[in-house]
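Have a look at the sequence and the fold below, and then we'll go through what stands out.

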Amino acid sequence: MAPPPGPYSGKSTLALVARVSAFTFGLAYGSLKLKILKFKMLDTIAKEWQMAKAKSHKKAEAKGHH
């Protein structure tokens with residue numbers, strides 16, 4: 001009869017738990033990072049849109065005065 005697998009053989013319960021934990025942590029970290037990047041990207045787009053709108057408004061005012 002074969003001896004039980006060692007803790008670092010990749011077949012033990014500890015190794016399985018470690019792999020699942022690492023995978024779960026990676027998913028959670030990646031999801032959080034994506035949320036932060038999306039928020040920053042949306043914030044940047046909103047600021048650029050406001051700046052373009054203000055610039056357009058200033059151009060329209062300048063044309064109206066002449």
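Where does Leu-42 lie? Leu-42 is part of helix H1, which covers residues 13-65. Keep in mind that this is a predicted model.

**The overall picture**

The protein chain contains one helix and zero strands. Out of its 66 residues, 3% count as buried.

Ser-12 sits in the segment before H1. Is Ser-12 buried or exposed? With a relative accessible area of 11%, Ser-12 is buried, because the cut-off for buried is under 20%. A polar atom of the Ser-12 side chain lies 3.2 Å from the backbone nitrogen of Ala-15.

Ser-12 also belongs to a stretch with a record behind it: an unreviewed UniProt entry lists residues 12-32 as "transmembrane region". In the model, the end C-alpha atoms of residues 12-32 are 30 Å apart, and the span is 95% helix and 0% strand.

**An aromatic pair**

How many aromatic pairs does the count come to? The count comes to one aromatic pair. Its members are Phe-25 and Tyr-29, which are stacked, with 6.2 Å centre to centre and 15° between the planes. Why does the pair count as stacked? The planes are 15° apart, and stacked applies because the angle is under 30 degrees. Both Phe-25 and Tyr-29 lie in helix H1, four residues apart, or about one turn of the helix. As for accessibility, Phe-25 is exposed at 61%, while Tyr-29 is partly exposed at 48%.

**A salt bridge and a nonpolar patch**

The salt bridge count also comes to one. Here the side chains of Lys-47 and Asp-43 meet, at 3.6 Å from N to O. Lys-47 and Asp-43 are four residues apart in helix H1, so about one helical turn separates them. Lys-47 is partly exposed, with a relative accessible area of 48%, and Asp-43 is partly exposed too, with 35%.

Back to Leu-42: together with Met-41 and Ile-45, Leu-42 forms a nonpolar patch on the surface. The accessible area of Met-41, Leu-42 and Ile-45 together is about 310 Å². Why does Leu-42 count as exposed? Its relative accessibility is 55%, and exposed means over 50%.

**Accessibility side by side**

Here are the residues discussed above, with their values.

| Residue | Relative accessible area | Class |
|---|---|---|
| Ser-12 | 11% | buried |
| Phe-25 | 61% | exposed |
| Tyr-29 | 48% | partly exposed |
| Leu-42 | 55% | exposed |
| Asp-43 | 35% | partly exposed |
| Lys-47 | 48% | partly exposed |

Technical notes
Residues numbered from 1 in each chain as written. Predicted model: local features only at pLDDT ≥ 70, side-chain atom pairs only at ≥ 80, totals over all residues. Heavy atoms only, no water. Helix = DSSP H or I, 4+ residues; strand = E, 2+ residues; numbered from the N terminus. Buried < 20%, exposed > 50% of the residue type's maximum accessible area, 1.4 Å probe, protein only. Patch = residues over 30% accessible without salt bridge, like charges linked within 9 Å, V, L, I, M, F, W, Y side chains within 5 Å. Areas by Shrake-Rupley, 256 points an atom, 1.4 Å probe, with all protein chains shown as cover. Salt bridge = Lys/Arg side-chain N within 4 Å of Asp/Glu carboxyl O. Polar contact = N/O pair within 3.5 Å; in protein donor to acceptor, adjacent residues only side chain to side chain. UniProt positions renumbered as here; feature names shortened; annotations may be inferred. Phe/Tyr/Trp six-rings, centres within 6.5 Å; stacked < 30°, edge-to-face > 60°.
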